[in-house]
Structure formats: C-alpha cells, structure tokens
Amino acid sequence: MPRVKRGTMTHKRHKRILKDAAGYWGGRRRLFKTAKEAVIKAMDDAFRGRKQKKRDFRRLWIVRINAGCRLNAMTYNRFIDGLNKANIDINRKVLADLAIAEPAAFAELVAKSKAALA
Amino acid sequence: MKSFLAKSQEVDHSWLLVDATDLVLGRMSARVASLLRGKHKPIFTPNVDTGDFVIIVNAHKVRVTADKMATKIRLTHSRYPGGQKAEPLGRAMEKNAAEAVRRVIKGMLPKNALGRKMALKLKIYAGDTHPHAAQQPVNITESFRQ
C-alpha cells in the first residue's frame, strides 16, 4: 500500500474557506481560524438577509402605496379595505409600481376602492 | 420585475413654505419631518434622500397644547459632576425660537448621516420673512390647518 501523507486535505479545506473570505478586513481574510468564523457568520447573515429582504420590500411597497393614496385623498388602510371589498386582487409590489409609473391607473384603482367602500 | 429604487441625482426636491402661526408644534413637526424625508412621494426610497425643502416662518408663533411651554423640559448634561441643566421649552423659544423648533423636527428624522443631510433641507425663521424667494416655495400652510 502506498504511504499517505497528511496536509493535502487540510490545505484544500483551508483554501476553500480562505477563498470565501476574500475581501474581508485584516486577519479575517488571512488567518484560517478567524476567516472560518467570519465566513460562518457571513453565511448566517446572508441566510437571514434573504428572509428579511421579503419583509423589508413589503414594508417599502406599503409606504409607497400609502404615499400614492394620499395624493388621491385616501389612506393605505382604507384603500386596501376597498380593494378587498371590490374583489380586486393586485399585490402590493404591482400597486407600488403603478403608483410610481402609472399614476393615472393608480388613481383609477383608488376610485374603484372608494366606490366599493361607499 | 424589479422594484423601483430612486437615484439621488434624479430626485426632484421642491420647496415648500409653512407658516407656523398658531400651528401645534408637535403635529406640525411630524408632518414636516415626513416631507423632509420624502414619505409623501410614491418614489420614496429609504437609502436615498427623496424629501423636499421646507421653509418655516413665524417659528416663534408656534403653539403647544396644555402648559408645555413651562413643563416640557429639555435636559442636557455637560458630563461634569452636577453638570445637568434643565431648560423649559418656553425659555428655549424665547432664546431662539427657530433653533427650538429645529431641534424638535430633527429629533423626528433618522439618527444617521442621511437624517442629518435631510435636516439641512429645513430652513426655519422666527420672523415672517425668508430669503428663499428665488426658490419659489409653494405655500402649503393650509393643508396643516384642519
């Protein structure tokens, strides 16, 4: 049986971690031990960030829809209530985009919502 | 579809004028802070300053409810022992009404570099004149009186 020396696998493992830590500050990109900690934490943050992104954007859309509603003398709260009652099912992402890109279409939706509430 | 994100060089900042005479300080400030931040525009983007410039005149004629001129007290500390100072709102208004109102509104803006930049768009004058006629501010005082 051929003789097996250690080191190759360790080097390979270290290389992978250090590659992921490229661009980090100081020892966090140079030293294996700190780099490994930093990479684990970074992946944790990235995982959490992918979930939070969805909530953050929904919040932003709501702020924008509210701004669009207030330009049409309404509030977000009542606008959504009206849309539900009018059976208009448009998600907040599209509503926010309409408020920016198609203010006229958005105003129409506000009018429909108001009619449903009246 | 990607959500729209405003670019700072593409945002229009218009100029608005508010006459603070007989407006309630806190209610007016909340509205003004929102205008400075740009939350009244559908293009609002949290990491970009999308707000408008706001000029407030007659800051010394602003009103507070109840007896807050005497009882609303601002505490500061010099960090020396016994260095705490207390200043009622009324005294701050007498000393420098514009600064007192500015502090209130600034406290309602984000506490970061962007918030400090937004606060620069706020121009407050104790009297009823302002030097921003060239910017042709739109008087929106009426929308505050309801």
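Colleague: Against which helices do the buried residues of H5(A) pack?

Modeller: In this predicted model, the buried residues of H5(A) pack against helix H3 (32-71), helix H4 (76-85) and helix H6 (103-117) of chain A. Contact here means heavy atoms within 4.5 Å.

Colleague: Which residues of helix H5 of chain A are called buried, and why?

Modeller: They are A:Arg92, A:Leu95, A:Ala96, A:Leu98 and A:Ala99, within residues 92-101. The word applies because buried means under 20% relative accessible area.

Colleague: What makes up the lining of the largest pocket?

Modeller: The largest pocket, with a volume of about 390 Å³, is lined by 15 residues. A:Arg70, B:Arg31, B:Ser34, B:Leu35 and B:His40 lie nearest its centre. Two or more residues of the lining come from each of H3 of chain A and helix H1 (25-37) of chain B. The largest share, six residues, comes from H3(A). By class, the lining divides into eight nonpolar, four polar and three charged residues.

Colleague: Why does the lining of the second largest pocket count as having four charged residues?

Modeller: Its lining includes A:Lys53, A:Asp56, A:Arg59 and B:Arg37. These count as charged because Asp, Glu, Lys and Arg form that class. The lining also has five nonpolar residues and no polar ones. This pocket has a volume of about 230 Å³, and H3(A) gives the largest share of its lining, six residues.

Methods:
Residues numbered from 1 in each chain as written. Chains lettered and ligands numbered in written order. Predicted model: local features only at pLDDT ≥ 70, side-chain atom pairs only at ≥ 80, totals over all residues. Heavy atoms only, no water. Buried < 20%, exposed > 50% of the residue type's maximum accessible area, 1.4 Å probe, protein only. Helix = DSSP H or I, 4+ residues; strand = E, 2+ residues; numbered from the N terminus. 1 Å grid on protein atoms, 1.4 Å probe; cavity = no way out; pocket = protein on both sides within 12 Å on 5 of 7 lines; lining within 4 Å. Points joined across faces, edges and corners; volume = space filled by probe spheres on them.
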